[in-house]
Amino acid sequence: MHLIPTPTKLELKSGFYYFEKEPEVKKEIKHSFEKDESYRLTINADGVFIEGASEKGIYYGETTLKQLMFNYRGCLPFLYISDEPEFSYRGFMLDSSRHFFTVDEVKKIIDACALFKLNKFHFHLTDDQGFRFEMEKYPLLTEVGSKRRASEFSREENDQNEYAHYYTKAELKEIVEYCHERYIEVIPEFDIPGHTTSLIAAYPEISCKGEKTEPETKGGIFENILCVGKEETFNVIYAVIDEMCEIFTDKYFHIGGDEAPKKNWIECPHCRAKKDELGLKNFQELQGWLMNEIAKYLKKKGKTAICWNDALKGGNLDSNNMAVSLWLEKNNKSVEWANSGNKLIVECNVPLYVDYPYAVNSLEKIYKFKPKKLKGLTEVGENSVLGIESPAWSEHIKNFEELAFMCFPRWFAVAETAWNGGSKRGYLQFMGTSQFYCDILKEMKIPASEKSEWDGNPQKTIKGLIKHGKRILTPESVVDFLRIQKNELIGGDE
């Protein structure tokens with residue numbers, strides 16, 4: 001029997017329930033469950049029965065039933081399942097800024113993720129290479145920010161054609177409604193203060209230097225970030241948030257905060273004056289202040305902000321209305337944040353980034369990852385982990401076929417971990433189940449990767465790493481990275 005994620009409790013009994021087209025299902029909400037996503041599924045001679053803590057719990061019972069019907073034709077085994085998730089946050093992230101995915105393609109990804117009970121869709125809509133949201137109050141964000149003159153993300157992609165895409169508000173409403181029908185919350189990301197070249201291209205006055213620029217054509221970390229010493233910057237930020245909140249009605253709103261070099265702030269009289277006015281020691285604290293201000297604004301709208309763990313560097317992030325996404329760090333500040341009882345979402349780049357090749361983040365590595373076993377995490381810290389999320393950044397994912405190849409079956413392992421935490425069946429059994437559902441996805445026109453790609457021996461891994469490095473690294477990119485790191489330290493890293 002192939003089920004993902006594995007139910008918390010499954011008792012297989014003797015006998016089968018037979019039906020012709022669809023089994024008759026009796027559903028009932030029971031308020032005795034502890035978690036609102038909990039359900040019980042019973043199949044016996046009298047039929048199929050689903051009890052759920054809520055409509056959401058009923059839906060997850062129906063999802064398990066749907067998987068069972070992939071396993072059996074015209075009959076179902078007698079069984080009893082009692083099931084509930086370890087984590088309330090079971091996320092997947094799609095980046096449509098670097099490379100764009102159509103509404104129909106996004107819906108296919110949603111269908112697949114819903115089948116495995118993932119429940120948070122983090123939608124990365126703004127970055128240096130493109131602003132993908134239809135704006136009314138500041139229309140140049142769409143008219144200028146959604147277009148880049150070329151795509152030069154790697155040695156394999158040097159496309160000199162204009163790349164121009166964005167989602168209309170009607171399309172985004174359609175995606176949100178589609179998710180809600182599947183009990184998936186949608187979390188937009190408006191990344192600030194860094195990764196904002198597409199905004200600055202539209203309105204140069206919101207940068208420190210005010211110089212004309214254009215959306216970036218390459219990946220990387222760029223010094224041209226939003227100026228926090230100008231009132232107009234906040235006018236634009238709040239306008240984008242206002243219009244996004246009209247579309248995205250769920251609890252969380254991601255405000256980015258990663259990879260924001262402070263060189264321009266250090267040299268900017270407006271930013272220096274703002275830092276001094278607030279009595280802050282360094283420019284990392286200035287970023288912490290910015291994130292807190294945006295979180296306060298979101299709180300008035302009934303939203304909880306999420307930011308990347310980079311924003312913890314200033315040590316002044318307000319925990320009252322903020323969750324932190326851990327992707328990469330050296331100083332253990334995210335663990336300290338969680339150990340103080342603050343909410344943490346685990347999405348470590350190794351092993352959870354599925355834009356990395358299988359040679360780096362193999363299926364087995366993701367499957368065996370235990371999010372509550374981060375080094376230094378106390379019992380309080382473990383209880384502060386909301387869940388996990390797996391991002392698919394799209395610098396090197398050019399189309400839907402590549403996206404599906406990179407995500408599946410690795411998102412099966414994410415779903416298993418998110419639902420069951422560290423309690424899992426054996427990996428060999430999981431591989432067989434993964435193959436079963438890869439075949440199902442291919443029938444759904446979602447081309448998952450072949451089994452030969454999933455894992456590898458050390459020699460295969462080394463070859464894969466060398467190939468990936470040659471693909472994405474150039475002398476210019478290495479120099480840029482080292483320069484940015486130096487400037488970040490000048491800005492007050494600690």
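Figure 1. Ser54 counts as buried, because its relative accessibility of 17% falls under the 20% cut-off. The model shown here and in the other views is predicted. Ser54 sits in the loop that joins strand S4 (47-52) to helix H1 (55-71). Its side chain reaches the backbone oxygen of Asp36 at 2.5 Å. Leaving aside residues up to four places away in sequence, Ser54 touches Ile29 and Asp36.

Figure 2. 8 strands close into a barrel, in the order S6-S7-S14-S15-S16-S17-S18-S19, with parallel pairing. On average, neighbouring strands of this sheet are turned by 30° against each other, direction ignored. Helix H4 (residues 169-180) packs on the sheet, where it touches strand S7 (120-124) and strand S14 (185-192). The direction of H4 makes about 160° with that of S7. H15 also packs on the sheet; its contacts are with S6 and S19, and its direction makes about 175° with that of S19.

**Figure 3. Pairing of strands S6 and S19.** Strand S6 (residues 89-95) pairs with strand S19 (residues 385-392) in the parallel sense, over 6 bridges. Leu94 has Ala392 in S19 as its bridge partner. Strands of a sheet pair through backbone hydrogen bonds, either parallel or antiparallel.

**Figure 4. Helix H15 and the residue that follows.** How many residues of helix H15 (residues 410-420) are buried? The count is 11 of 11, and the helix is mostly covered. Among the buried residues are the aromatic side chains of Trp411, Phe412 and Trp419, and Arg410, Glu416, Thr417 and Asn420 are buried too. Just after H15, Gly421 takes a positive phi of about 65°.

Figure 5. All 5 of the 5 residues of strand S17 (residues 322-326) are buried, so the strand is largely enclosed by the rest of the structure. In a regular strand the side chains alternate between the two faces of the sheet. Both faces of S17 are covered: one side carries Met322, Val324 and Leu326, the other Ala323 and Ser325, and all are buried. Strand S16 (residues 304-308) pairs with S17 in the parallel sense over 4 bridges, and Cys307 has Val324 in S17 as its bridge partner. Strand S18 (residues 344-346) runs parallel to S17 and is joined to it by 3 bridges. Here Leu326 stands opposite Val346 in S18.

Figure 6. Phe253 lies in strand S15 (residues 252-256), one of the strands of the barrel. Is Phe253 buried or exposed? Phe253 has a relative accessible area of 0% and is therefore buried. Not counting residues up to four places away in sequence, Phe253 touches Ile187, Pro188, Phe190, Ile241, Met244, Cys245, Leu298, Thr304, Ala305 and Ile306. The C-alpha atoms of Phe253 and Ala295 are separated by 9.0 Å, and these two residues are 42 residues apart along the chain.

How values were computed
Residues numbered from 1 in each chain as written. Predicted model: local features only at pLDDT ≥ 70, side-chain atom pairs only at ≥ 80, totals over all residues. Heavy atoms only, no water. Helix = DSSP H or I, 4+ residues; strand = E, 2+ residues; numbered from the N terminus. Buried < 20%, exposed > 50% of the residue type's maximum accessible area, 1.4 Å probe, protein only. Contact = heavy atoms within 4.5 Å. Pairing = 2+ DSSP bridges. Axes fitted to C-alpha atoms, helices over the stretch in contact; angles between N-to-C directions. Polar contact = N/O pair within 3.5 Å; in protein donor to acceptor, adjacent residues only side chain to side chain.
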